[in-house]
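Here are my notes from a first pass through the model you sent. Have it open while you read.

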Amino acid sequence: MPLYFFDVTDTGNVFPDTEGTELAGLGEARHEALRTLGEIAKDKLPDGDFRTLVIEIRESGGPVILTASLSLNVSRDL
């Protein structure tokens with residue numbers, strides 16, 4: 001099984017994945033990235049009015065093969 005790395009960027013702060021996760025293929029890696037974005041959103045997004053989360057998936061030693069992102073932007077119209 002391929003080893004995928006999920007590097008997370010949270011509003012400019014980069015958290016590289018140094019361990020990786022064995023998954024059956026890119027479809028499963030995509031699903032994992034979207035699930036992870038949902039979990040982060042549930043836990044972190046209500047804390048402010050702007051946040052951008054990005055997960056870049058790569059295989060060991062290789063380039064980014066998939067990018068998933070989620071943004072929150074709250075503007076007050078007073």
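Predicted model: local features only at pLDDT ≥ 70, side-chain atom pairs only at ≥ 80, totals over all residues.

1. Helix H1 runs over residues 26–44, 19 residues in total. From first C-alpha to last, H1 reaches 26 Å, close to the 27 Å expected at 1.5 Å a residue.

2. Look at which parts of H1 face inward. Ala29, Ala33, Leu37, Ile40 and Ala41 are buried. They sit on the same side of H1, because they cover an arc of only 115° around the axis. What do these buried residues pack against? Their partners are strand S1 (3–10), strand S4 (50–59) and strand S5 (64–73).

3. Now turn the helix over. On the face of H1 turned away from the buried side you'll find Gly27, His31, Lys42 and Asp43, which are exposed.

4. The salt bridge count comes to four. One of them joins the side chains of Asp7 and Arg58, at 2.6 Å from N to O. Asp7 belongs to strand S1 and Arg58 to strand S4, so this pair ties together parts 51 residues apart in sequence. Asp7 and Arg58 are both buried.

5. Arg35 meets Glu32 at 2.4 Å (N to O), and the two are three residues apart, about one turn of the helix. Arg35 also meets Glu39, at 2.1 Å (N to O); here the spacing is four residues, again about one turn.

Terms used. Residues numbered from 1 in each chain as written. Heavy atoms only, no water. Expected span 1.5 Å × (residues − 1). Buried < 20%, exposed > 50% of the residue type's maximum accessible area, 1.4 Å probe, protein only. Arc of directions from axis to C-beta. Contact = heavy atoms within 4.5 Å.
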